Amino acid sequence: MLGGLDYIVVIAYLAGIMLLGLYFKRYVHSSQDYFLAGKSLPFWAIGMSIVVSDIGAQDFVGVSGQAYRFGISVGNFDWIGSVPAMLLGAFIFIPYFWKAGLYTIPEYLGRRYNDYVRTLAAVTWIVFFAFNLGIIFWASAKLLNTLMGWPYWQSIIITAVVVGFYTFCGGLTAVVLTDVIQMVIMFVGGAVIVILGLYRVGGWDGLVDKITAQGASFQDYFKLIQPTDTKTPFPWTGILFGLTFVMANAYMIGNQAIVQRCLAAKSEWDAKASMIWGAFLKMFIPVLVLFPGLIAIVLHPGLEDGDSAFPLLVRELLPAGWGIVGLMFAALLAGLMSSIDSMLNSTATLWTKDIYEKYIRKDASDRHYLVVGRIATIVLLIFGVMTSPVSQYFEGIYVAIQTFLSFFQGPVFSILMLGIFWRRATQWGGLFGLVGGITVSFLLYVFKGYLFTIEDPFLYVSWWSFLAGLVIATVVSLFTQPHPEERLYGLVYRLAERRQNVA
Amino acid sequence: MLKAIRYVLNFEWLAGLSIGAAKNVFLILFVLIGILVLLVPNDYIYQGAKKRKWWFNLKLWALGDLAFIFITYYIF
C-alpha cells in the first residue's frame, strides 16, 4: 500500500529517530544519565512523553476495535481513567517520590516497607513489562500485516532494531525526546484519518445519526455511563470503583514507566507540572483512537473482528503515494516505538536498581551499572520479540493488557496509598497486603465465570483486589511493630512538616 | 451463599440507581476534586518553580483539566 512519497516519509522518520538516539549518546556518562536523564528534563517533554508512552499502535487497533463493539464508553479509560489520577499524582505522590531521589517505585516500597515488598513489586513489574512487550509487538505486527501485507516477523524485527538502537544509545533522554517527536507525528497522523473519516460519513451529526439508526443495540453507543447490567465490559460501577479509584491511580502513580519520567524532572515543580500537562493532552487521545472505530461502524458494519476496523479504514480513506499513508504509517510506528522504548528503559532500570544492584553485585562502579542497564535493554528486547506470538490467544488486545494489569495494579496501589497516607502501616502489613491482594486477584479471575455477571470483569477484579490488599495490610499493620518515625520522613505525606508544626 | 457473594461483587446493590443519578455521581466527583485542589497550600504548589507568577500556579492548570473533563461527562 505504501508507494512513492510514503516510503520517503517512513524512511526519513526511522532514520531521524535513530540519529537522535545516536546524538543523545554523548550525554550519557553515568547510570543516572541513562536511567533518569541526569534529572534534567522539562515538564512539557515529560508530559508529552507520558501521553505517548501510554498510548500506542495497539491502542489505534485495540481501542478503535472496542469502540466498534461498544461505542464511546471505552473513552472512559483516557478521560476519567487518567485525569483525576494524574492530578492526585501531581499534588501528592510525585513530589514525594521526586524529593526522595528515587529511581523506581519498588525502591519507595522498599524504603517504606521492606526488601521483600520491594523485590516482589520489582519482579512483578519486570514480568508484566516483559510480556507486555510481546503483546505490543504482536498487535503492531497484526496491524502492519493487514495494512501493508508485511509478514509478522518482518515488522517485529524492524521495530525492534530501531527502538533497541536509540534506547540503548541515549537512555531515558533519548526515550523522552524521541517521544516528543513521536507524539506530534501520532497526533497529526491520527487527526488526518479522523478528519477524512468524518468527512466521508457526513460529519459528527452524520456519524451519530447513521450509527443510532442501525438498531436498538446501538442506542447506547454515545453514552459514557453504561448501566450495571450492560453487556459491555464497562458498567458505570466498574468505571467508578475499578477504573477511577484503583486502576487509573495504580497506572499513573504506581507504574514505573510513567513515574520514571517524572523522577527525571529538573525540579519538583516540573515533576508536578508534567502530570497536569500530560492530563490535558491525554483528553485528546480518545478523539484519535476511538473515532476511527465509530466511523468504521458506518463504513463497514457487521465486522466479526472489531480490531480490523482501523486497518480497513486506513486502506480505504488514505490516498497512496502522496505521503499521507506514509505519515499514518509513521504515526503507528511512533505509537509502537514510544510504548516499547518506555518499557525497555523502565524494565532495565528495575532490573539494575532493584535486583542486580541489590542482590547480585552491590558495590560495583557506576560505569558497571550503566553497562548492566544497557545489556538488560537488549536482553528484554529479544525476550519481547520471542514471546510476541503468545498474545494471539487473547480475544481483544486491549482487554488482554488490562487483564494482566488488573492482577497486580489494585494490590500495589493499596500499599502505595497506605504507605504515603498512614504512618502506622508496617513492613509486614505492606508485604501481606500485596501478597494477599494478588492472591485475591488471581482467585477472582480463575472463578470469574461463577462470581461475575459480565463477560470480562477486570474492572471489578481490580477494585476487589485493591480492597482486599487494603484490609489485609491494615489489619496486619495493627498487630505488628511500625518503623520508627524518623525512618519515615520524606516517605509519608507531610509527616516531617507535621512534626515541625507540633514542635 | 454464592448468590450473596455475586450480589456484592457485581455491585447489584447499586443497580437501582438510574443512569442519570450515576452520571451525577461522576460530575460531583469532579467538583470534589476541584475543591480539594483549591485547598492545596500555595507554597506547596510553587515549590521548585522558577518564579512565583500566576501562570506557574498549578492549581489553575488542574482546574482547567477538570473543567474540560466535567464538560465532556456533562455532554455524554
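1. Lys282(A) is buried, at a relative accessible area of 1% (buried means under 20% relative accessible area, exposed over 50%, partly exposed in between; 1.4 Å probe, protein chains only). Its side chain meets that of Asp78(A) in a salt bridge, 2.3 Å from N to O (a side-chain nitrogen of Lys or Arg within 4 Å of a carboxyl oxygen of Asp or Glu). Asp78(A) lies in the loop between helix H4 (57-70) and H5 of chain A, and Lys282(A) in helix H12, so the pair ties together parts 204 residues apart in sequence. Asp78(A) also counts as buried, at 5% relative accessibility.

2. A word on the basis. This is a predicted model, where local features need pLDDT of at least 70, side-chain atom pairs count only at pLDDT 80 or more, and totals for chains, interfaces and linings use all residues. Residues are numbered from 1 along each chain as its sequence is written, chains are lettered from A and ligands numbered from 1 in the order written, and side-chain values use heavy atoms, without hydrogens and water.

3. Helix H12 of chain A holds another pair. Lys272(A) and Glu268(A) both lie there, four residues apart, about one turn of the helix (helices are DSSP runs of H or I, at least four residues, numbered from the N terminus). Their closest N and O atoms are 3.3 Å apart, in a salt bridge. Lys272(A) is buried at 0% relative accessibility. Glu268(A) is buried at 6%.

4. Arg423(A) and Glu485(A) form a salt bridge at 2.7 Å, N to O. Arg423(A) sits in the loop between helix H17 (397-421) and helix H18 (427-446) of chain A, Glu485(A) in the loop between H20 and helix H21 (495-502), so parts 62 residues apart in sequence are tied together. Arg423(A) is partly exposed, at 41%. Glu485(A) is partly exposed too, at 22%. Elsewhere, salt bridges with shared partners join Lys99(A), Glu268(A) and Lys272(A) into one network.

5. Now the interface. The contact (heavy atoms within 4.5 Å) takes 51 residues from chain A and 39 residues from chain B. About 3,900 Å² is buried between the two chains, 76% of it from carbon and sulfur atoms (accessible area, 1.4 Å probe, that two parts lose on being put together, summed over both). Phe91(A), Ile225(A) and Trp269(A) supply 20% of the area that chain A buries against chain B, more than any other three residues.

6. How many salt bridges link chain A and chain B? The count is zero. Over all chains, the whole structure has 12 salt bridges.

Definitions and conventions: Helix = DSSP H or I, 4+ residues; strand = E, 2+ residues; numbered from the N terminus.
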